[in-house]
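Subject: Handing over a structure, with notes on what was found

Dear colleague,

I am passing a structure on to you, together with some notes on what was found in it.

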Amino acid sequence: FYTIANDDKNLYVIIKATDQLVIRKIVAGSITILINQTENKKDNEIVAITYPIFEKENLPNVNLKNKPMLTKDTIINNRQLDSFMNVANKQITEKSKEIKIVGGSNLEDTLVSVYNQNGIKVASNFDKKISYTYELMIPFKYLGFSSMPTKIYYTIRLNGSDHAEGSSIENIPGGVRVNGNGSMSDMQFMWSPTYFSDEYTLLKE
């Protein structure tokens with residue numbers, strides 16, 4: 001699920017994932033949001049914003065397969081889910097320190113700290129249902145617009161990864177091999193980028 005909104009200075013994007021496989025793909029490969037003023041996806045003025053970013057050798061230790069099983073005791077369920085959620089959110093927060101922004105203008109570096117002074121804000125966390133929520137706020141001045149457009153065109157892409165939760169997938173002579181306990185179908189889904197595109201009409205005050 002997702003929604004896009006704006007005010008006179010900022011663009012806002014919120015994404016929520018409830019499917020465990022999709023969440024695993026986000027954690028392993030991150031989300032990239034591509035924004036442009038035209039429908040031409042090869043336009044050099046496209047801005048690509050990628051978050052969360054984790055180093056392959058330092059991925060958060062969030063194994064959704066270990067999500068607590070629900071019992072008939074609501075108090076125990078809430079306690080276990082709270083504990084799992086808090087540990088997962090601590091891992092996400094501690095290991096994702098940068099936003100990658102390619103294109104646009106007025107930024108000195110491609111990698112921007114999540115604690116930046118530019119007014120770019122990001123956050124991601126799990127709730128008690130172990131659903132994952134991503135939030136982005138980015139000022140229009142960093143999207144490279146010479147003037148405020150009436151529409152923007154966007155793509156939301158899950159980049160995919162060849163590794164996830166201790167498993168990896170690779171090409172070998174004659175086919176594909178999965179290393180670890182991941183299933184072939186899950187790892188193939190993890191491996192391939194998935195995305196969709198649409199347009200958004202900016203609201204003006």
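Ile130 lies in the loop between strand E7 (121-126) and E8, with helices (H or I, at least four residues) and strands (E, at least two) being DSSP runs that are numbered from the N terminus. The phi of Ile130 is near 60°, a positive value in a residue other than glycine.

Before going on, please note that this is a predicted model, in which local features need pLDDT of at least 70 and side-chain atom pairs count only at pLDDT 80 or more, while totals for chains, interfaces and linings use all residues. Residues are numbered from 1 along each chain as its sequence is written, and side-chain values use heavy atoms, with hydrogens and water left out.

Helix H1 and its surroundings

Helix H1 (residues 20-29) has eight of its ten residues buried, so it is largely enclosed by the rest of the structure. The buried residues are Leu21, Ile23, Arg24, Lys25, Ile26, Val27, Ala28 and Gly29. At the start of H1, a side-chain oxygen of Asp19 comes to within 2.9 Å of the backbone nitrogen of Leu21.

What lies just after H1? There one finds Ser30, which takes a positive phi of about 75° in the loop between H1 and strand E3 (31-36). Ser30 is buried, with a relative accessible area of 7%. Its side chain is joined to that of Asn159 by a polar contact of 3.0 Å, a polar contact being a pair of N or O atoms within 3.5 Å, where within protein one must be able to donate a hydrogen and the other to accept it, and where residues adjacent in sequence count only if both atoms are side-chain atoms. The side chain of Asn159 also reaches the backbone oxygen of Gly29, at 3.2 Å. Asn159 itself lies in the loop between E9 and strand E10 (163-164), and at 18% relative accessibility Asn159 counts as buried.

H1 also packs against helix H3 (residues 184-191), at an angle of about 45° and with the axes 9 Å apart; axes here are lines fitted to C-alpha atoms, for helices over the stretch in contact, and angles run from 0 to 180 degrees between N-to-C directions. That makes H1 oblique to H3, given that angles under 35 degrees count as roughly parallel, over 145 as roughly antiparallel, 65 to 115 as roughly perpendicular and the rest as oblique. The charged end of Lys25 sits over the ring of Phe189, 4.1 Å from its centre, a description that requires NZ of Lys or CZ of Arg to be within 6 Å of the ring centre and within 35 degrees of the ring normal.

Aromatic pairs

Rings of Phe, Tyr and Trp (its six-membered ring) pair if their centres lie within 6.5 Å, and planes under 30 degrees apart count as stacked, over 60 as edge-to-face and the rest as tilted. By this rule the count comes to four aromatic pairs. One of them is formed by Tyr2 and Tyr154, and it is edge-to-face, at 6.0 Å centre to centre with 65° between the planes. Tyr2 lies in strand E1 (residues 2-6) and Tyr154 in strand E9 (residues 151-158), so the pair ties together parts that are 152 residues apart in sequence. Tyr2 is partly exposed, with a relative accessible area of 34%, whereas Tyr154 is buried, with a relative accessible area of 6%.

Tyr51 and Tyr134 form a tilted pair, 5.9 Å centre to centre with 55° between the planes. This pair links distant parts of the chain, with Tyr51 in strand E4 (residues 47-51) and Tyr134 in strand E8 (residues 132-139), 83 residues apart. Both Tyr51 and Tyr134 are buried, and for Tyr134 the relative accessible area is 0%. The peptide bond from Tyr51 to Pro52 is cis, with omega near -5°, and Pro52 lies in the loop between E4 and helix H2 (74-95).

With kind regards

Methods:
Buried means under 20% relative accessible area, exposed over 50%, partly exposed in between (1.4 Å probe, protein chains only).
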